[in-house]
Structure formats: structure tokens, C-alpha cells
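Student: Please show me how to read a structure, one feature at a time.
Tutor: Gladly; let us look together.

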Amino acid sequence: MARRAAVAAEPDPKAWCVPCLVSLDTLQELCRKEKLTCKSIGITKRNLNNYEVEYLCDYKVVKDMEYYLVKWKGWPDSTNTWEPLQNLKCPLLLQQFSNDKHNYLSQVKKGKAITPKNNNKTLKPAIAEYIVKKAKQRIALQRWQDELNRRKNHKGMIFVENTVDLEGPPSDFYYINEYKPAPGISLVNEATFGCSCTDCFFQKCCPAEAGVLLAYNKNQQIKIPPGTPIYECNSRCQCGPDCPNRIVQKGTQYSLCIFRTSNGRGWGVKTLVKIKRMSFVMEYVGEVITSEEAERRGQFYDNKGITYLFDLDYESDEFTVDAARYGNVSHFVNHSCDPNLQVFNVFIDNLDTRLPRIALFSTRTINAGEELTFDYQMKGSADISSDSIDHSPAKKRVRTVCKCGAVTCRGYLN
């Protein structure tokens, strides 16, 4: 079974947001300053001089009247103005301002509320600074969420949430839906035959041709043990998209949330809906590189305490998937020594056994709100036998401490 000891999603780059997402405000501000219209970024003649509250920056009380410092959407900070509370028609932003203020005070005093001086007539600069950073983070994360959903090609929605710190979207991560071959590597190896079944569940189909069992039962749950490959129907098959042997290729069906963990593991992924046991959840995708290149990158990643390498060693050890820069939601899935996801090798159109697709299936029922995890060492779980998996030790360099918190935690990721 393909694996590397530390396919880490825990540490992540310390950066604010994806460059292509942060330039919109700058362009809008430039257009307004120069009195130019540009439909592609939403600046038209009708809204060129419009003022919309983007977020609230500060608070003060003057002669018993409450004022908020307003950042206007599409306008530079130099145009921020103090507005009386009675003029603001933005209850959600007012509530967010209040929540951010309370969160900051709670963090400073570890839950003990404090009252600023001057009878709450002005905010301390540190509080105002935190509120502005939180507002900017919220906007950046929303844009990133929108970008992820524009790029993904599966049914399930992707949400982003950070209620823990001021970390924004990773700066050097690009969402992809399928493997991205490195220069010199070809993934073009289309299947030469396909089934002609009228009902793939009962007839001799692609798995039988490959000498393995059909992977799924009638409820679209996996029924084969880990270590057994999955052969799904391909583009040459006569069966349609509703074929019971087309599960992985349909993509993620569940709404998932990329969220900031509260125990120092960086980003994680949780499901927003209940997932039945033995169900397909997501694929692990990234840049396909040679194993030699993986060794070079692995040393660099280990020195930084991170790695996203996944060896494709189903029958050989020629290629590795690197999800550090290019990947999907699985890039953010954390390790656990007691995981709820299990890895399987999948073959669909490309039947090259050196290049299996990597699919993650649930090992048990996963409730809404529960974090998704898999074992970077592929040790399996109590729900699924892992006797067929290769447990030979991975090449060790720098050992990474495990923070999964499981009762059965082994202490290290590698």
C-alpha cells in the first residue's frame, strides 16, 4: 500500500492570503481614485461613488453619542470616516465588531472580562488593531472559500473557518481536482477496453477483468479489505454515470469545512454532514514527481517540520504525490493514530499500476462536525483489518511529534 510516514497537513505556511485574491481591493480603490469604471472588478458608473460599509475599525463615545470608524468597501483607508451608530444599517458587522472585541478581551485575560478606561468611551489601540486584523482575515477567508468552490468539480461544498487565531489562507497553495504531472512525467495511459454490461453489479465487469472483486456493495459502500485495489468502470465502458462501479470518479459528495484547529495542528478538515461507514469521502491529489525528486524535497520538508509526500508504491516505487503546493481538500486533513479514514488504491482510466489514484474511505460512521483524519503510517484501525498493508519502516530523517491526542497515539508522525 502506498504511503510515506509523514504526509503532514499539520504545520502550514505563515501567510495571509493568496496573491490573486488580495489585488481586487487595490484595483477597486485605484479605479475610484482615478474615477475609472471597470465591469470585470465590479466598478460601474452606477456604483463608482457608492459607499458601502466593509467593516468597522474603531469605536468611541462623544457627548453620549456612539461613533464607529467605518472602512468603506472599495475605498482606501484614507477615506475611513467616523459615523454615528444611528446611521449604520449593518447589524451583522456591528455584531462581529462586538464579538471580536469580546474575544480579544477574553484572550488577554484568559476568560476574565476587562473594561477599558474612560468608561468604555474609547477602545485601546491594541483592541482596535485586533478587530481590524480579524475583519481583514474574515474577508480573505471568504474570498478563499469562494475561490475553492469555483475551482472544485465535485458536488460537495467547501467552507472555511478560523475562530482560533489570525491566520489567513495559505499563500502558496493551488487547488486542483486531479493529479498534476511534473515535467517529464506522463499520466496519459488510457484504458484499452471497457465493459459492455447492462448491470455492472451482477455481470462480469472491469474488476473481474483485472482479477479482483467488485469493490462496492449495493449501498455504494466499500466491501474489500485495505490493500486490495479498486478497479472502476472507465471512459470506454458502455455503462452510464449511475453505474454502481463509478464511486470515486463522481468526487466528494459531502460538504466539508477547512478549519483552524485549536491544539496547534494548523488547519484541519471536518465534515458538516453525517458520513456512513465504508463510504468514499475524497481523493488525495497533488503533483506527481519521481521518487528521486521526492527524496530531495523530503529533506527540505523535514527540515521545516512539514511534508505532504505520498509514495505511489502499489507495485513499484517510481513515483510520489507531493500535495504541498498543488492539492485539494485532502491537503488539510490531519494525521491521527486512531483515524476515521482509510486509504485505497484506485484505477479508472489510467491502468498503469505505477500510478494509482489514492482514495480515502470512512472506517466508521462519522458524525457531522467531526474532524476527518487518516493514519500517515497506514496502520489501519480497529474497524478494518490491515494485515495486507506493508508495514515496513519508512526512511526516517527528522522525527515529527504527533499531536493527534488519541489514546493510542504513537508519539511521532514518522
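Student: Is Pro-241 buried or exposed?
Tutor: Buried means under 20% relative accessible area, exposed over 50%, and partly exposed in between, with a 1.4 Å probe and protein chains only. Pro-241 has 65% relative accessibility, so it counts as exposed. This is a predicted model: local features need pLDDT of at least 70, side-chain atom pairs count only at pLDDT 80 or more, and totals for chains, interfaces and linings use all residues. Residues are numbered from 1 along each chain as its sequence is written, and side-chain values use heavy atoms, with hydrogens and water left out.

Student: Where does Pro-241 lie?
Tutor: Helices (H or I, at least four residues) and strands (E, at least two) are DSSP runs, numbered from the N terminus. Pro-241 sits in the loop between strand 7 (230-231) and strand 8 (256-260).

Student: Which residues is Pro-241 in contact with?
Tutor: Contact means heavy atoms within 4.5 Å. Setting aside neighbours within four places in sequence, Pro-241 is in contact with Arg-246 and Lys-250.

Student: Which residues of helix 2 are buried?
Tutor: They are Leu-93, Leu-94, Phe-97, Asp-100, Lys-101, Tyr-104 and Leu-105. Seen down the axis of helix 2, these buried residues fall within an arc of 130 degrees, so they line one face. The arc is that of the directions from the helix axis to the C-beta atoms. The face turned away from the buried side carries the exposed residues Pro-91 and Leu-92.

Student: What do the buried residues of helix 2 pack against?
Tutor: They pack against strand 1 (53-62), strand 2 (65-72) and helix 3 (125-151).

Student: In what order do the 3 strands of the open sheet come?
Tutor: Two strands pair if DSSP finds at least two bridges between them. The order here is 4-8-9, and the pairing is mixed. Strand 4 (158-161) and strand 9 (267-271) are the edge strands; each pairs on one side only. Strand 4 and strand 8 run parallel, joined by 4 bridges. Glu-161 stands opposite Phe-259 in strand 8.

Student: Where does UniProt place the feature "binding site"?
Tutor: UniProt positions are given in the numbering used here, feature names are shortened, and annotations may be inferred rather than shown by experiment. The unreviewed UniProt entry places this feature at Cys-195, Cys-197, Cys-200 and Cys-205.

Student: Is Cys-200 buried or exposed?
Tutor: Cys-200 is buried, at 5% relative accessible area. Cys-205 is also buried, at 3%. Not counting residues up to four places away in sequence, Cys-205 touches Cys-195, Cys-197, Cys-200, Cys-233 and Asn-245.
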